[in-house]
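Me: I am new to this structure and would like to learn how to read its features one at a time. Where should we begin?

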Amino acid sequence: MTPTLTASPPELREALYALSIAKDVPDAALLDDIVRRFPQFGGELTNFAIAIAIDALHGDAVVEAAEAALDPNVLSPAVSRAMSRFQNRLHAVSEPTRLPAATDRSVSADAINPFASLSREDFRGFARRLDASSVFVAKLRDRQIEPDTLTPGFRKRVADDLHAPLDVVVAHFAAAQAGAAGPQFYKADGKPNNGGRQTFEEAVRSSGLSEAQQRALLAL
Amino acid sequence: MVRTLQKIGEDGPLVRPDAVEAQIDAALTLNPQSLRARLAITDPRDADHLRSETLVHLVRHGRRTGDQGLISLVLPVLLARCEANLIVKVPDGQLPEAATVREDILGEFSELFASDGTGKDPDELDFYECKFNRAFRFFRIDVVRRETGLLKHVAQMPEPDEDGEPEPHDEVFARVSEAFRSPAMQDGDVFRSELHDAILELPPDERDAVILVHALGYQEESDDPGEETAATRCDCTGRTIRNRLTRAATKLARFKEDL
């Protein structure tokens, strides 16, 4: 298979959706048909049909059982963070032309989010350079860390790495979490405090980082 | 009347299944309290259970009308279902950072709703109002393949040069084909899960040959130059396909004992 390293272009996505939507498990007739419609993606479609067929072996009955077992009163941390990403993206889409203001120290959710414009690869690259996990960087992006607990050295490191003014980074961390004016999305495994934020140390300790990585971040 | 979909398929605009259309019509009339009660139903066999297709429509409706309350009520429920799906389909141990990948998928998916109606593909979510599980399957596999593409750069090994015509392995592959043809049932899931893992462990060339011939139903090769076969799909000869199947059959031999 040929690995796809970046998000698939729209036309390829269209072709792959068409293949995935048509049947539970694709067959030769379907693949031939879709390849006729999208001949430029013959190889990708073949690889994807194979991936779908293998995936179909992992029974949907198990998925249905997992969905049926959900507790509707519990919101998981992962869902909570996904809601934050939704709100951040919504904000970015709604105000795409807003310019960074270095003096903006507002604690409203309107502060510039220097992470919002990062592409997926940029986001990953930032995490690598910081020697941290994506989960930890997502907490930075989603303002899930108590701003007062972040060390000055850490804030400066983030600002330098993002090539953003320190004021903007500080204002971002200090701003209210997006969507905080509306319903709150709390971690399900603990009582929330101050909008569900963790201290810097808690965030470092609970992001799947090695001991060495944790020490390095906390020492900044 | 529910808003018609904009995405154009091979036969014109996409159309929701009738049952989805009817449920959306009814769901749009629910007050918040009734909607909350319906959202709390997780058993899909319950007549009042709201389909994921319906939830997608409700979130998009909230997005279009600026109804943040509706979004906040419905989107977390939909994302929780997606998370349950991901825990099964992208389990810990399958990828080095499975939890991070699951989180990426969930986050990227939530962003689709924020970007709905904008960008290069403003109607992408139309697919999810027609066949949610199959559309989400694409989304999930697409991200997982990108992630595994970053991790695996397997050097292509030279194809072993085997003399003579490979032996057929009908017994092994009869069971494999049957697993792909039969619908997934709870009691057959152990076998299918083991087969899934065994197929994933095959070298990519052998895995592709097995799936193309025994899951998708391609001929190994054909005398008709216009016919697509496993050989044409893999851009190799029919003999190469048979050699790959022979090597795969040896590795999958234990599955014939279940016949």
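Reply: We can begin with a pair of helices from the two chains. Helix 5 of chain A packs against helix 5 (residues 98-114) of chain B at an angle of about 40°, and their axes are 8 Å apart. Helices here are DSSP runs of H or I with at least four residues, strands are runs of E with at least two, and both are numbered from the N terminus. Axes are lines fitted to C-alpha atoms, for helices over the stretch in contact, and angles run from 0 to 180 degrees between N-to-C directions. This is a predicted model: local features need pLDDT of at least 70, side-chain atom pairs count only at pLDDT 80 or more, and totals for chains, interfaces and linings use all residues. Residues are numbered from 1 along each chain as its sequence is written, while chains are lettered from A and ligands numbered from 1 in the order in which they are written.

Me: In which hand does helix 5 of chain A pass helix 5 of chain B, left or right?

Reply: A crossing is left-handed if the near helix is turned anticlockwise from the far one by less than a right angle, and right-handed if clockwise. Helix 5 of chain A passes helix 5 of chain B in a right-handed crossing. Residues making the contact include A:Phe86 and A:Leu90 on the chain A helix, and B:Leu106 and B:Phe113 on the chain B helix. Two residues are in contact if their C-beta atoms, placed from the backbone, lie within 7 Å.

Me: Which classes of residue make up the contact of helix 5 of chain A with helix 5 of chain B?

Reply: Ala, Val, Leu, Ile, Met, Phe, Trp, Tyr, Cys and Pro count as nonpolar, Asp, Glu, Lys and Arg as charged, and the others, Gly among them, as polar. This contact has nine nonpolar, two polar and six charged residues.

Me: How many residues of chain A are in contact with chain B?

Reply: On the chain A side there are 59 residues, in contact with 71 residues of chain B. Helix 5 of chain A gives the largest share of that side, ten residues. By class, the side of chain A that touches chain B has 37 nonpolar, eleven polar and eleven charged residues.

Me: How do helix 1 and helix 3 of chain A pack?

Reply: Helix 1 (10-22) and helix 3 (42-57) of chain A pack at an angle of about 35°, with axes 10 Å apart. Their crossing is right-handed. Among the residues in this contact are A:Leu16 of helix 1 and A:Phe48 of helix 3. The contact has eight nonpolar, one polar and one charged residues.

Me: Why does A:Phe115 count as buried?

Reply: A residue is buried if 20 or more other C-beta atoms lie within 10 Å of its own, exposed if 12 or fewer, and partly exposed in between. A:Phe115 counts as buried because it has 21 C-beta neighbours inside 10 Å. A:Phe115 is in the loop between helix 5 and helix 6 (120-130) of chain A. Not counting residues up to four places away in sequence, A:Phe115 touches A:Leu140 and A:Arg141.

Me: What is the average pLDDT of chain A?

Reply: pLDDT is the predictor's confidence in each residue, from 0 to 100. Chain A averages 80, and 80% of the residues score at least 70. Over residues 1-5 of chain A the pLDDT is below 50, and over residues 98-106 of chain A pLDDT stays under 50. Where pLDDT is low, the predicted coordinates should not be read in detail.

Me: How many helices and strands does chain B have?

Reply: Chain B has twelve helices and two strands. Buried residues make up 39% of its 259 residues.
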